[in-house]
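Q: Could you walk me through this structure, starting with the annotated stretch?

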Amino acid sequence: MSNRRSRQSSSAPRISDDQMIDLVTKLRQILPEIGQRRRSAKISASKVLQETCNYIRNLNREVDNLSERLSQLLESVDEDSPEAAVIRSLLM
C-alpha cells in the first residue's frame, strides 16, 4: 500500500493544509446531516468525508429510483404523446 500511496502523491497535485481545511469547511456547510448540528460542535475531517460519501451514495440511490419510476411511467403512456417526450428528456 505504501507503493500505491507514493504513486498517487507523485502523480496528483498536492493540496495544502489550508486548502484541505477550506474544502472540509465547505462540505460541512452543504451536508444536511452535519449542517443541522450546532455550528460549535467539533466534527473531524474524517467524519465529514465519511458523511460526504454516504450523502453521495444516497443521492445516487435516489437518482436510480427516480430513473426507474420514470421508465415505468414512460411504459404506461402513449409513445408519441407530449408526456412521453418530457419523460424521455428527463431520462437523458
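A: Over residues 49-76 the chain is 100% helix and 0% strand, with the end C-alpha atoms 41 Å apart; helices are DSSP runs of H or I with at least four residues, strands runs of E with at least two, numbered from the N terminus. This is a predicted model, in which local features need pLDDT of at least 70 and side-chain atom pairs count only at pLDDT 80 or more, while totals for chains, interfaces and linings use all residues. Residues are numbered from 1 along each chain as its sequence is written, and side-chain values use heavy atoms, with hydrogens and water left out.

Q: What does UniProt call residues 49-76?

A: The unreviewed UniProt entry annotates them as "coiled-coil region", and such annotations may be inferred rather than shown by experiment.

Q: Where is E79, and is E79 buried or exposed?

A: E79 lies in the loop between α4 (45-76) and α5 (82-91), and counts as exposed because its relative accessible area is 60% (buried is under 20%, exposed over 50%, partly exposed in between, with a 1.4 Å probe and protein chains only).

Q: And V86?

A: V86 belongs to helix α5 and is partly exposed, at 48% relative accessible area. Its C-alpha atom is separated by 9.4 Å from that of L74, 12 residues apart along the chain.

Q: Changing topic, where does I15 sit?

A: I15 is in the loop between α1 (2-11) and α2 (17-30), where it is partly exposed, with a relative accessible area of 46%.
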